[in-house]
Amino acid sequence: MKKATNESRKLSAKQQHFIDEYVVDYNGRLAACRAGYAERSALTTAGRLLAMPEVADGIQKRLQELSERGQVTRDAVVRELAAVGFASLRDVCAWDDGHLTLVSSQDLSNAQAASIAEITETVTTRGGTVRVKQHSKLKALEMLAKHVGLYDSPEVEQDGKSLEELSPVLKKRLEAIYGIITDEAKTGG
């Protein structure tokens, strides 16, 4: 009797569903829940599934399929997130004494243009206003930080986490960029 190899071992429908859900947001616990595994043990189940070579191969194959179909690559996503995360409003407009001047869209780089979520102009009988809204820098930086491993644990959930749960490296960067002061910074620790 021949022993089954990793290549010949078939994935169950539930395991395939886990793979499909995992590539949505790279969150093993949530993917396990959405694939129908028990919620109370979803984190353990996700760890077990991700350690299986056939599941890891399935994830890589699924990512390759998605990339080929939509011409979406990991590098392209990271570039777009970086464009939003590191964008500055000064790249797209200038202001002083209550006057706002927009940079011509023809003069914007693709990265600068990608950072803009919306530009609206309102004109009334008393004058007009222009509003420039950029995509969420914090969300883009959070996603980039997760991608490059700046969180202490790869299973840190994005929702509801405090600054104290972030890695020291990310805390220092946020403090430098946004002037966020943590208890550690206050006490010199």
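**Note on strands, salt bridges and a nonpolar patch**

1. Strand S1 (residues 93-96) and strand S2 (residues 99-102) run antiparallel and are joined by four bridges. Strands here are DSSP runs (E, at least two residues), as helices are (H or I, at least four), numbered from the N terminus; two strands pair if DSSP finds at least two bridges between them. Alanine 94 has threonine 101 in S2 as its bridge partner. The hairpin of S1 and S2 has two residues between the strands, and aspartate 97 takes a positive phi near 45° there.

2. This is a predicted model, in which local features need pLDDT of at least 70 and side-chain atom pairs count only at pLDDT 80 or more, while totals for chains, interfaces and linings use all residues. Residues are numbered from 1 along each chain as its sequence is written, and side-chain values use heavy atoms, with hydrogens and water left out.

3. The count of salt bridges (a side-chain nitrogen of Lys or Arg within 4 Å of a carboxyl oxygen of Asp or Glu) comes to five. One of them joins the side chains of arginine 62 and aspartate 20, at 3.2 Å from N to O. This pair links distant parts of the chain, with arginine 62 in helix H4 (residues 53-70) and aspartate 20 in helix H1 (residues 13-25), 42 residues apart.

4. Arginine 62 also forms a salt bridge with glutamate 65 (3.3 Å, N to O). Both residues lie in helix H4, three residues apart, or about one turn of the helix. Arginine 62 is partly exposed at 21% relative accessibility, as are aspartate 20 at 30% and glutamate 65 at 45%; the term covers values between buried (under 20% relative accessible area) and exposed (over 50%), with a 1.4 Å probe and protein chains only.

5. The side chains of arginine 131 and glutamate 118 meet in a salt bridge at 4.0 Å, N to O. Here too the pair links distant parts of the chain: arginine 131 is in strand S4 (residues 127-134) and glutamate 118 in strand S3, 13 residues apart. Arginine 131 is partly exposed at 45%, and glutamate 118 is partly exposed at 31%.

6. Trp95, Leu100, Leu102, Ile119 and Val130 make a nonpolar surface patch of about 430 Å². Patch residues have over 30% relative accessible area and no salt bridge; nonpolar side chains (Val, Leu, Ile, Met, Phe, Trp, Tyr) are joined within 5 Å, like charges within 9 Å. Areas come from the Shrake-Rupley method with a 1.4 Å probe; for residues, only the protein chains shown count as cover. Isoleucine 119 is in strand S3 (residues 116-124) and is partly exposed, with a relative accessible area of 43%.
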